[in-house]
Amino acid sequence: MNKVAQLMMIFSLLALLLVSALMSGLIQSERWTIKQVDVAAEYQRVTAEQVRLIIKKTGERSFFRLDTDQVKNSLKSLHWVREAHVVKQWPDSLKVTLIEHQPRVIWNEQQLINQRGDLFTVERIDDVADLPKIYAPDNQVEEVYKLFKRFNRLLQPVGHEIAVARVSQRGGWELELRNGLHINLGTEQQESRALRLADTWQNLMRASQQAPQRIDLRYSNGYVVQWHPGNESMQPTEDNNQKQEVS
């Protein structure tokens, strides 16, 4: 190696050492601290105070030393936070974006299903007790929730959403609508059975002065209706508990 190359190597090493020393001093300097935290959030279930405390507990205020992944993971520990994004913005700002879970269904009285069909857990579900409820095997969350939404769409002509869905280990579905109507879809051909009810609903309503209490769709060519006894808004018939087969 000639002298010129040696000198260039020496100067390069000295420059590297100088930069490292300057950077070390820069990182350690108290001048470069996070002074501003901007949070983008809708704050439906999470509060600004909770976010502030999470960031405060992180402790580190240096712009260079603050670990954004640590802040992100701490924010995601809040039960209602689905996603958290944390980015440092030169020279002294922290940008935080929070996306909350939007609860859609109560699952087995213990957990909630969000807008993406994911299960999540909160400390208490009293505040969302009016949500629809699903009781089903825990290993069938994705499949059951898809069918739940499908049945809700198919039964729109009935005029009431599903309030409670019960799914057995064998895959049998029983529904309770918001108006109290119970519907048994059975274990087979559930979509076609729901469609059959939707297609004949108006004819069923015109054929009786009573509201149906239960409908059993587990028949190949029709279904059985049990009429609601003592419906005050309808004129009662002589046999209020009569079961009628509709084809």
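Modeller: What follows goes through the sheet strand by strand and then turns to the helix on it. This is a predicted model, in which local features need pLDDT of at least 70 and side-chain atom pairs count only at pLDDT 80 or more, while totals for chains, interfaces and linings use all residues. Residues are numbered from 1 along each chain as its sequence is written, and side-chain values use heavy atoms, with hydrogens and water left out.

The sheet is open and has three strands in the order E1-E3-E2, with mixed pairing. E1 and E2 are the edge strands, each pairing on one side only. Strands here are DSSP runs (E, at least two residues) and helices likewise (H or I, at least four), numbered from the N terminus; two strands pair if DSSP finds at least two bridges between them. On average, neighbouring strands of the sheet are turned by 15° against each other, direction ignored; the axes are lines fitted to C-alpha atoms, for helices over the stretch in contact, and angles run from 0 to 180 degrees between N-to-C directions.

The parallel part of the sheet is E1 (residues 36–40) with E3 (residues 93–100), joined by five bridges. Within this sheet, Ala40 lies opposite Thr97 of E3.

On the other pairing, E2 (residues 81–89) runs antiparallel to E3 over eight bridges. The two form a hairpin, with three residues between them. Ala84 has Leu98 in E3 as its bridge partner, and Gln89 is opposite Ser93 of E3.

Helix H3 (residues 68–76) packs on the sheet and touches E2 and E3, contact meaning heavy atoms within 4.5 Å. The direction of H3 makes about 155° with that of E2.
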